[in-house]
Amino acid sequence: MPESRPTGARSRGPRRRTTALAAALLCAAPALLPAPAAQAAPTAPAAPAPRCSPAYRLTQTLDGGTVWRMCWHYEGNAGLVLDDISYQPKGERAPIKVLTTAKLAQIHVPYDDGTNEYDDLTGQGFAQGLQKLDPAECPGGTIKTVRVPGAWDPAHPDVSGLCATTRARGHAYRKGPYPGESARTYQLQGKDLLVYTVNKVGWYEYITEWRFAGDGTMTMQVGATGTVSPGDYDAGDGRGMPLGKGAKDFATSHSHNVFWRLNFGLDGSTTNKVEQFDSALTARSGGRTPTIRTTRTPVTKELAGDAGPLRWWRVVSDTGKNKDGHPRSYEIVPGRSAKYTGRGYTRHDVYVTDYKACEQFASNNLANCGKGAGRSVDTWVNGQPLKHPIAWVNIGFHHIARDEDQEPMPVHWQGFQLVPRDVTAMNPLTPPALSGHNGHYG
């Protein structure tokens, strides 16, 4: 959806921010709370509760007794940042730390006709566009007040703009009897902890959601809504789809390349390991079933990776194991993506870099990382050994407007999941009657 202001075509809106101003915000507008300092790996696979004052603490007990804990703060470019995220399933003696920090790292918006290209976080005032939420938008939850660094209205920097609530997810599991078996049906309707903000950039309103499930799954997604920009109804470029009657008005097609930055801290350690899994299919003669062999490759150096139907990655704890003695890990599960290949930093789905404090945004990075360091994530992947891995996930959406985008525009979502692998010995929501079925029956 084009994002120009009503009074002038090809402009992002009345509050367009320059890169220089964004850089000033990065330096002059500190977070409400400082990010937690890195700690040495603990001797036991237990993490402390989040370290922040109650106003910036989120704690939620979910179905089956799972407890999620985290802190939050708000930055002048990235917007909402979640810190010290931990997960404590029922039966675990202490919280299991998962992420040190998690945040958006860019929303890159290039137009199909080449006339405009935006970095919404570091160039267009994304954080300053935080919207006030109505209580009806946060049913059953709490709306927290956020102080916005560099607020457009300096006299009113506080915005009631952060919702923390729960939302139904449908079936958490279901297990019914086999035919002829006399047994009960086990099923659970789950709920997620939902944390979200809405940020306005031009004609767009971005809903940034963070969802935390009772089984340890995390879902990160951005939904774009708002309205189709009237300033970009232009039939001249021949690239858009007609809106309205006939074929007179066209909306310019464009892409949304959304990046997330994940600083893992499994079990409180920053020296987690990364592994890549690839499965290869081999055909067999005589119509026999083709075979699949899966290989696991340690990722020891910085990575620019492409997802595929038989490729995936996980981040593995180097200190903690579950009750079966298996190392805890989280798998990165990208959602549907329309990859934009016009820039080096958008050509890959997952990047893994070694931690550097200056590397905060996937494109148009504002901090100075030194001579020749580059300003985008692709330039930081240079074969350096991984000691403290940072994962960057890129999910693209190509927006070719349709009649139904008028008006308001329905939300279109893009995102990914972090799924626990061997964090617990069994499904943490397993009912007591099935708790003996760990690897076998009986």
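Predicted model: local features only at pLDDT ≥ 70, side-chain atom pairs only at ≥ 80, totals over all residues.
The protein chain contains three helices and 21 strands. Of its 442 residues, 51% are classed as buried. Among the contacts in the protein chain with a separation of 6 or more, 65% join residues 24 or more positions apart. The accessible surface of the protein chain amounts to about 19,700 Å², and carbon and sulfur atoms contribute 51% of that area.

The largest nonpolar core comprises 68 residues. Within this core, the residues that touch the most other members are Trp-68, Leu-99, Phe-212, Met-218, Leu-262, Tyr-330 and Leu-418. Strand E4, which spans residues 96–110, supplies the largest share of the core, with seven residues. Another core, made up of nine residues, lies apart from the largest one; its members include Ala-105, Tyr-345, Tyr-351 and Ala-362.

Nonpolar side chains also occur at the surface, where Leu-281, Ile-292 and Leu-310 form a patch. Together, these three residues have about 280 Å² of accessible area. One of them, Leu-281, is located in strand E14, which covers residues 273–282. The relative accessible area of Leu-281 is 54%, and the residue is therefore classed as exposed, a term that applies over 50%.

Conventions. Residues numbered from 1 in each chain as written. Heavy atoms only, no water. Patch = residues over 30% accessible without salt bridge, like charges linked within 9 Å, V, L, I, M, F, W, Y side chains within 5 Å. Areas by Shrake-Rupley, 256 points an atom, 1.4 Å probe, with all protein chains shown as cover. Salt bridge = Lys/Arg side-chain N within 4 Å of Asp/Glu carboxyl O. Helix = DSSP H or I, 4+ residues; strand = E, 2+ residues; numbered from the N terminus. Buried < 20%, exposed > 50% of the residue type's maximum accessible area, 1.4 Å probe, protein only. Contact = heavy atoms within 4.5 Å. Core = buried A, V, L, I, M, F, W, Y, C linked by side-chain atoms within 4.5 Å.
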